[in-house]
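Keep the sequence and the 3D view open as you read.

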Protein chains: 2
Amino acid sequence: MTRPVILVTNDDGMNAPGIAALVEVARDFGQVIVVAPNSPQSGQGHAITIESPLRLNKVDKFEGIDAYECNGTPADCVKLAKKVLRKDQHIDLCLSGINHGSNASINIIYSGTMSAAMEAAIEGINSIGFSLLDYNFDADFSTAQYVVRSMLEKAMVHGFHDKCKLLNVNIPKVSPGELKGIKVCRQADGYWKEEFKVGEDPRKQKYYWLSGEFVNRDSGDDTDMWALDNGFASVVPSQYDLTHYKSLLSYNFFEE
Amino acid sequence: MTRPVILVTNDDGMNAPGIAALVEVARDFGQVIVVAPNSPQSGQGHAITIESPLRLNKVDKFEGIDAYECNGTPADCVKLAKKVLRKDQHIDLCLSGINHGSNASINIIYSGTMSAAMEAAIEGINSIGFSLLDYNFDADFSTAQYVVRSMLEKAMVHGFHDKCKLLNVNIPKVSPGELKGIKVCRQADGYWKEEFKVGEDPRKQKYYWLSGEFVNRDSGDDTDMWALDNGFASVVPSQYDLTHYKSLLSYNFFEE
């Protein structure tokens, strides 16, 4: 029996501790191939590189594992893995992360980690993005690794839903002993309450620097934000069909 | 009575003919403010700029209209408009485009045009992204302008759906006389069948350049692709809640 082929990628770049933590678990479940950006890509959203050429360099980073750095975005990495490295041969699973920082709630739409996972899902590959609620470079990934392992064990038994191959997983910043469990939930309705820091550069030109705080405006106890706030890892089955079906008929007036 | 405040933005940049075509119609419906990137941003997805400062320059581009160029992404433009230029005062409507090229089907997730519109919708602003199925710089925008005008007239009467403030509008490359009408539809299930052009640069380094063709794998006659293929402009009410609700229960095994 051949081992499953598992593509690992991320948006924090090949040298982020999060991808090493993910590879360490993934290698117990199949033949791992790593394709990751050569520099951090946070906040890139679902960008793809069409205006310039992409480079792919083999790196000796994880013992016994084929790993490639790419000068593109996380979505580019998935495209290159599928078309160039795998030459359209089967990839059984795509794992993206472990991201340094949350991709819960609305953050999925800004997320390079999730854009890589989504790109794989569009290609028909079962796909999970993992994010830890800790921005620190030296974050403790042991709880996240426990969640990855637990989910891969279960996914191997139960498989993915036929119509939903994309999971957005976030892990709270707690020790393995403090983790309450894993919750399957919906995306909370939140937004970024932005502020711009206004300053003057050395040439006396005004600049605006984005900062902000996340606001959860969703009071439900069935959301990813609720799960994370209460010590659970959150799993949101996600899709790339953005149609708001419930309002289709309400907009019929445009057809008149 | 005060006139509605209409924010116009795009991802092709301030000098693209598409944004001029949009401003020309929008100004008949309210007080227009334009904030657009200073260079084309296509394929940027929902990127936001957090690692570097943003600049905002007033430009004299449209007579009697406040217009600002920004060095950021389309989503950045919306954030700057709301927080810096409008200082959180009301914006009644955000119009993004008119994009040179399709944002139908799955293209919404790669689209800067739609990321700007989505950013506005998250902020609670009624929002429409317009795209014309013609990549040419000197495309004929008369049919697109007809659609914009028709939709704004109707939206002024009927208003937006309370739970869905985001519309993805695509216009076929036909003359106004050939346009069959406007159809409200769902997002077609399509994908990009990519190829990478492999080459060697002047320093003999291998490169990969993304190209590809769009494949519609959706046979429904209620999709945006069907509408466009049959001479209609398509309107897809869209959302940023990516939860795949139908599969929530199927993934309960992760909780065990």
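Start with A:Val59, which stands opposite A:Ala67 in β4(A). The two belong to a pairing of β3(A) with β4(A) (residues 66–70), antiparallel over four bridges. Two strands count as paired if DSSP finds at least two bridges between them. Strands (E, at least two residues) and helices (H or I, at least four) are DSSP runs, numbered from the N terminus.

A word on the source. This is a predicted model, in which local features need pLDDT of at least 70, side-chain atom pairs count only at pLDDT 80 or more, and totals for chains, interfaces and linings use all residues. Residues are numbered from 1 along each chain as its sequence is written, while chains are lettered from A and ligands numbered from 1 in the order in which they are written.

Now widen the view. The β3(A)–β4(A) pair opens a nine-stranded open sheet, ordered β3-β4-β2-β1-β5-β6-β7-β11-β8, with mixed pairing. The edges are β3 (56–59) and β8 (181–184) of chain A; each has a single partner strand, so one side of each lacks a neighbour in the sheet. From one strand to the next, the twist averages 20 degrees.

Helices lie across this sheet. Helix α3(A) (residues 112–122) lies across β1, β5, β6 and β7 of chain A, at about 170 degrees to β6(A). Helix α4(A) (residues 142–158) lies across β5, β6, β7, β8 and β11 of chain A, at about 150 degrees to β7(A). Angles run from 0 to 180 degrees between N-to-C directions, with axes fitted to C-alpha atoms, for helices over the stretch in contact. Contact means C-beta atoms, placed from the backbone, within 7 Å.

In total, chain A has five helices and eleven strands. Buried residues make up 52% of its 256 residues. Buried means that 20 or more other C-beta atoms, placed from the backbone, lie within 10 Å of a residue's own.

Turn to chain B and strand β7(B) (residues 166–171). Six of its six residues are buried, so the strand is largely enclosed by the rest of the structure. B:Leu166, B:Asn168 and B:Asn170 point one way; B:Leu167, B:Val169 and B:Ile171 point the other. What pairs with β7(B) in the parallel sense? Strand β6(B) (residues 126–132) does, through six bridges. There, B:Ser127 stands opposite B:Leu166. Strand β11(B) (residues 232–238) pairs with β7(B) in the antiparallel sense, over five bridges. Here B:Leu167 has B:Pro237 as its bridge partner.

Note on methods
Buried ≥ 20, exposed ≤ 12 C-beta atoms within 10 Å, placed from the backbone. Contact = placed C-beta atoms within 7 Å.
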